[in-house]
Amino acid sequence: MKTDRGERTLTGLAISPGIAIGPAFISDDGAIQVPDYHIAHDDIAAERKRLADAVALSLKQLAKLKVKAAALPGAAAEEAGYLLDAHVAMLTNSRLVRGADRRIGEERLNAERAVQVELGQIGSSFAAMDDAYLAARGDDIRVVGARLIRNLTKTPYAALQRLAPGTIVVAEELTPADTALIDPSRVAALATELGGAEGHTAIMARALGLPAVLGVADLLRRVEPGDTVIVDGGLGRIVVNPTTATRASYERQREELEQERRRLGRFRRLPAVTRDGVEITLEANVELPRERELALAAGAQGLGLVRTEFLYMNRHDLPDEDDQYAAYAALVRGMDGKPVTLRTLDIGGDKLAGSIATDSPNPALGLRAVRLALKERRLLDVQLAAMLRASAIGKVRILVPMIANAGELRTVRAAMHQAARRLKRRGIALPDPLPPLGAMIEIPGAALAADALADEAEFFSIGTNDLIQYTLAIDRGDEQVAYLYNPLHPAVLRLIQFAVEAAMRARIPVNLCGEMAGDARFTALLLGLGLRNLSMAPSNIGRVKERIRTLDLRAATQRARQVMDQIDDARIASLVDDFNEMHGA
Ligand code: PEP
Ligand code: MG
């Protein structure tokens, strides 16, 4: 039941800055096509397990929503809590679940269809009761059933591709694959109940330049389809049904932000050089091929990180060598001779793809990234072959994620040479030497053993998103612990410093490509720690360049030394912020 149609303000995590005002599209499950087929007798047990797994996942989601709802003010917490409890009850030994399970066994229906048929039956018996209270319970069961079906089909929100321009997408949760389907010329902003600040949905929203607020408790009950919604991604605020005065004030702010964007755009052609004359290289991170143009428009000097996961998203088969080559070649050609860093697949963790099941009890610590690639060698071999072919067209670097030890990189190198030999036998010309092979430094153990890894790697790329997650034991995609996610924690800074110094001693290039690189608050500190190459979302390049052009590298280096003498993160934060204030940020 939705309440109160007047203006109301909700808060969540400030994910991606910008202000958007538009009609809400509630991304629920209405758009899902329910598959309908019969299963073989031998598959009954597996189908029942599929249903049980989807029930377990749904219960997990509800538990998470309940923790969030508990933080709501006053009676709202209680109200939302009751509702979620009712949903939990509808999934626990309920008629819906028992009935669906029986239909799988007796009628051999696929699990989605079994849930749908059972829902229909339950719905008609509720309707026959002619009681307003029970009719509302009937609605709840439909919502719960839709959740089950969605978890069974794992269907991305295909409806996101067909929205009217200016729409605000409101959802319980958007996966990175859902977000990849979003057309930024139609969607004006995102707001969700679940999702942390450094998860891939957040990164994708920033990459697309979409204002976004994630982790908004009780959002779906507060917004109705078509409500006017303001998303203030910089402050993490959602205003539903604003008054005329509120709307006018946000329109003014939006205009100011637009002016600021135009002002920063003027830095495009200027070099990223400090006041004392040191040139810094600024490159772009790319999640989706369409960002290449944004990168060039923002003045990126190369692509410092191409996350190749997009190739595996929203499909049920695997991209073959030619598919991948076509995508890499287009990026390399499109960068007009500037370097392109292709990262091998980083699937697992919060980056799941439909075609590759990574069933790990603890995905962040499980078969993710290079671990998966080395276990499923064909994935790696096909990808390396496509990358090597693209390296014949322009400057390519190959980067390997989640490296924990030198042996993994050695194995990837051997695989690369093997792939090169196979390509040569096919008559394909490759550059000599082959492209440099680098390691992501994003596991604390890798940072601490960076001197050993530097023997094996031709370059390092520091991934602070994971480095922070693993150092501080904080799930980067979980809004409940987002407050602990602190790039200025001394442990994180020491690991960065250690990796940078190891690279310098070994005379190999090092860059930083985590989200920290794109936040001008950290620019002076990162340069002070010795970094000279940063890679970030294209939309951040202007602001970081402006910061570089105002700072004196000697002073920044001195301040970084003072910072590294500290053990208290609050003191570190004030040293960083005071420096920024005194030196023109
Ligand atoms: C990182 O971990 O900082 C990084 C750049 O990689 P990703 O965000 O893709 O895990
Ligand atoms: Mg990472």
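I took contact to mean heavy atoms within 4.5 Å. I also took helices (H or I, at least four residues) and strands (E, at least two) as DSSP runs, numbered from the N terminus.

The model is predicted: local features need pLDDT of at least 70, side-chain atom pairs count only at pLDDT 80 or more, and totals for chains, interfaces and linings use all residues. Residues are numbered from 1 along each chain as its sequence is written, chains are lettered from A and ligands numbered from 1 in the order in which they are written, and side-chain values use heavy atoms, with hydrogens and water left out.

**Entry 1. Helices H3 and H4**

I looked up the contact of H3 with helix H4 (residues 111-129). From H3, Arg-95, Leu-96, Gly-99, Ala-100, Arg-102, Arg-103 and Ile-104 take part. Their partners in H4 are Ala-111, Ala-114, Val-115, Val-117, Glu-118, Leu-119, Gln-121, Ile-122 and Ser-125. By class, this contact holds nine nonpolar, three polar and four charged residues. Here Ala, Val, Leu, Ile, Met, Phe, Trp, Tyr, Cys and Pro count as nonpolar, Asp, Glu, Lys and Arg as charged, and the others, Gly among them, as polar.

The axes of H3 and H4 lie 8 Å apart, at an angle of about 130 degrees. Axes are lines fitted to C-alpha atoms, for helices over the stretch in contact, and angles run from 0 to 180 degrees between N-to-C directions. The two helices are therefore oblique to each other; angles under 35 degrees count as roughly parallel, over 145 as roughly antiparallel, 65 to 115 as roughly perpendicular and the rest as oblique. I noted the crossing of H3 and H4 as right-handed, that is, with the near helix turned clockwise from the far one by less than a right angle.

**Entry 2. The magnesium site**

Which residues coordinate the magnesium ion (ligand 2)? I found Glu-442 (OE) and Asp-466 (OD), at 2.0 Å. Donors are N, O and S atoms within 2.8 Å of the metal (3.2 Å for Na, K and Ca); water is not among the atoms, so sites may look incomplete.

Glu-442 lies in the loop between strand S13 (437-441) and helix H15 (444-448), and Asp-466 in helix H17 (residues 464-472), so the pair ties together parts that are 24 residues apart in sequence. Glu-442 is buried, at 2% relative accessible area, and Asp-466 is also buried, at 2%. Buried means under 20% relative accessible area, exposed over 50%, and partly exposed in between (1.4 Å probe, protein chains only).

**Entry 3. From H17 onward**

I next followed H17 to helix H18 (residues 490-506), where the axes are 10 Å apart and the angle is about 130 degrees. That makes H17 oblique to H18. Their crossing is right-handed. Thr-464, Leu-467, Ile-468, Thr-471 and Leu-472 of H17 meet Ala-491, Val-492, Leu-495 and Ile-496 of H18.

Ala-473 is in the loop between H17 and H18. Its phi is near 55 degrees, a positive value in a residue other than glycine. Ala-473 is exposed, at 72% relative accessibility.

**Entry 4. Other loop residues**

Asn-93, in the loop between helix H2 (74-89) and helix H3 (95-107), also has a positive phi, near 45 degrees. Is Asn-93 buried or exposed? I found Asn-93 exposed, with a relative accessible area of 60%.

The peptide bond from Asp-432 to Pro-433 is cis, with omega near 0 degrees.
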